[in-house]
Amino acid sequence: MPSPVYSAAIDLGATSGRVILGTWSKNRLTLNEVHRFPNAFRTLGAHDYWDLGTLWHEAQTGLRKAVAALPRGARLASIGVDVWGVDYALVNDAGRLVFPVHAYRDARTQPGLQRLAHTRAARDRIYAATGIPNVFYNTSLQLAEVVASCPAVADLATRCLFLPDYFNFLLSGRMENEFTIASTSQLIDVHSTDWSRAALDHFRIPPHWFTKPILSGTKLGRLSSRTRESLASPALAKTQIIAVPGHDTAAAYDAMPAAPEGTDLYISSGTWSLVGFESATPVLGAEALAARISNERIGDGRYRPLTNVIGLWMLEGTLKDFASRPTNDKEWAALITAAEKFPAPTALIDMTFVEFANPTSMKGAIDAQLRKRKIPAPKNLAGYVRLICESLGRGHADAMRAFEKMAGKKFRRILIVGGGSKNRLLCQATANAAGLPVVSFALEGTAVGNLASQLIALGAVKDLATFRRHLAADLKQTVYSPKP
Ligand code: LFR
């Protein structure tokens with residue numbers, strides 16, 4: 001492998017996307033964020049959709065900028081894509097979209113969610129088969145709704161590609177289902193690395209829409225000629241497309257500079273807070289289901305049992321309701337300082353409240369819950385920020401305790417990466433509620449995990465343990481010790 005190695009990570013989140021050029025040289029990874037852009041779903045009539053054309057346009061713009069940022073004569077070795085979980089594109093054999101791409105917050109899954117919730121035997125059976133609890137955004141519920149409401153789709157579509165699979169197809173011309181993203185669907189067999197026939201049958205989803213998932217790190221080949229022509233650069237002549245962990249959370253977990261003995265709890269903090277750990281075995285059973293433990297998968301076939309706590313979605317949503325919201329880093333810092341000055345709230349928000357999933361006003365939804373519980377609402381934005389961060393911290397700690405109890409584990413540290421790792425109020429609240437040190441890394445976890453998988457596939461790094469060792473030696477960290 002020539003050194004340095006240049007690779008690009010296309011990292012798409014529900015509220016923003018970025019393209020990052022990674023340079024691997026002398027066992028060090030440096031990141032250059034060459035392109036960042038906002039993302040949002042759009043509402044048409046009663047439904048919510050992603051704008052895939054814009055995302056693809058932005059991804060290509062980012063790749064052009066990545067190429068422009070290369071030193072003269074250098075080549076881009078590879079490209080990998082990671083995206084938020086569960087959403088998908090239905091295509092025909094030629095790769096044409098045959099159905100609009102819905103966003104997972106679309107309320108169309110609510111009747112299916114309730115139906116499964118109220119059919120206890122089926123709900124338990126699906127959890128035993130897939131290890132994924134009944135959540136409104138599951139691909140299983142989304143596909144069941146499409147097939148039931150538009151039956152002709154079963155003839156029109158020949159493949160279901162999850163969003164990273166779809167972008168991999170645009171880049172490479174190959175249609176594959178990558179394993180980590182497939183594992184978010186509630187359709188993978190929890191005891192194998194293949195689809196669950198029981199789940200597919202239950203939701204009446206055509207099994208031929210899927211092929212056996214490929215494990216992360218599989219090379220998909222060179223850039224397709226169409227994309228190569230559109231990007232028109234000699235630096236891309238030999239660029240490999242690599243199926244990295246397509247699920248952003250799987251990529252972020254891979255990037256954790258974790259202790260090898262497995263005593264760290266992970267939080268990938270972004271639109272959602274994903275609290276979990278790595279395990280050779282799944283965490284199953286009635287108690288695990290009640291705690292909403294989701295046995296999503298690592299790219300090599302193992303498990304990452306995690307709980308989805310509502311995350312920064314709640315903070316971002318609340319900010320929209322205040323004209324005084326911060327617009328730059330300085331204003332953010334001032335807001336956090338103001339929020340820290342408040343006494344710790346005596347009552348916290350219950351984050352599992354379904355009304356927080358996609359409210360027209362997040363502040364309105366919070367106020368409604370507080371009113372119901374006869375708790376006075378905060379008087380200003382700083383008060384809301386304090387209440388939300390403390391409540392999220394409690395949510396993180398509750399998830400940790402559930403894991404300790406059910407998996408018979410004792411965690412020593414909590415590692416946090418992603419947007420929330422920069423929010424000291426949130427990190428401190430988590431440390432206090434959990435009674436454990438929180439180690440925050442200034443790290444774009446999802447992009448780093450994406451790049452790690454590419455470097456391993458290219459043979460530039462031996463394996464993930466080696467990558468983590470190098471990364472840990474190089475990272476800035478802030479430790480928040482618990483306070484009573
Ligand atoms: C985070 C994430 C979560 C998933 C949620 C919905 O970006 O991928 O892991 O539960 O989005 O897809």
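Select Ala-232 to begin. Keep in mind that the model is predicted.

Now look at where Ala-232 sits. The residue lies in the loop between helix H9 (225-231) and S10. Phi of Ala-232 is near 40°, a positive value in a residue other than glycine. Most residues other than glycine have a negative phi.

**Stop two: Arg-292**

Select Arg-292 next. Here too phi is positive, about 55°, and the residue is not a glycine. Find it in the loop between helix H11 (286-290) and strand S13 (294-297). Is Arg-292 buried, exposed or partly exposed? It is partly exposed, because 17 other C-beta atoms lie within 10 Å.

**Stop three: the whole chain**

Zoom out and show everything. The chain holds 18 helices and 17 strands. Its C-alpha trace spans about 60 × 50 × 45 Å along the principal axes. How does the radius of gyration fit a compact globule? For 484 residues, such a globule would have a value near 23 Å; the chain has 22 Å, which agrees. Of the 484 residues, 48% count as buried. Now think about contacts between residues at least 6 apart in sequence. Of these, 73% join residues at least 24 apart.

**Stop four: the six-stranded sheet**

Colour the strands S3, S2, S1, S6, S10 and S9. In that order they form an open sheet with mixed pairing. Which strands are at the edges? They are strand S3 (28-38) and strand S9 (218-222), and each pairs on one side only. The twist averages 25° from one strand to the next.

Zoom in on strand S1 (residues 5-12) and strand S2 (residues 16-25). They run antiparallel, and eight bridges join them.

**Stop five: helix H4**

Select helix H4 (residues 139-149). Which of its residues are buried? They are Thr-139, Ser-140, Leu-141, Gln-142, Leu-143, Ala-144 and Val-146. Show what surrounds them.

- strand S7 (88-91) and strand S8 (159-162)
- helix H2 (110-118), helix H5 (153-156) and helix H8 (197-202)

**Stop six: two crossing helices**

Show helix H13 (residues 329-341) with helix H15 (residues 381-407). Their axes come within 8 Å and cross at roughly 75°. That makes H13 roughly perpendicular to H15. Display the side chains at the crossing. H13 brings Leu-335, Ala-338 and Ala-339. H15 brings Leu-381, Ala-382, Val-385 and Arg-386. By class, the contact has six nonpolar, no polar and one charged residues.

**Last stop: Lys-405**

Stay on H15 and select Lys-405, which is found in this helix. Is Lys-405 buried or exposed? Lys-405 is exposed, because 12 other C-beta atoms lie within 10 Å.

Key. Residues are numbered from 1 along each chain as its sequence is written. This is a predicted model: local features need pLDDT of at least 70, side-chain atom pairs count only at pLDDT 80 or more; totals for chains, interfaces and linings use all residues. A residue is buried if 20 or more other C-beta atoms lie within 10 Å of its own, exposed if 12 or fewer, and partly exposed in between; C-beta atoms are placed from the backbone. Helices (H or I, at least four residues) and strands (E, at least two) are DSSP runs, numbered from the N terminus. Two residues are in contact if their C-beta atoms, placed from the backbone, lie within 7 Å. Two strands pair if DSSP finds at least two bridges between them. Axes are lines fitted to C-alpha atoms, for helices over the stretch in contact, and angles run from 0 to 180 degrees between N-to-C directions. The radius of gyration is taken over C-alpha atoms; the globule rule is 2.2 Å times the number of residues to the power 0.38. Angles under 35 degrees count as roughly parallel, over 145 as roughly antiparallel, 65 to 115 as roughly perpendicular and the rest as oblique. Ala, Val, Leu, Ile, Met, Phe, Trp, Tyr, Cys and Pro count as nonpolar, Asp, Glu, Lys and Arg as charged, and the others, Gly among them, as polar.
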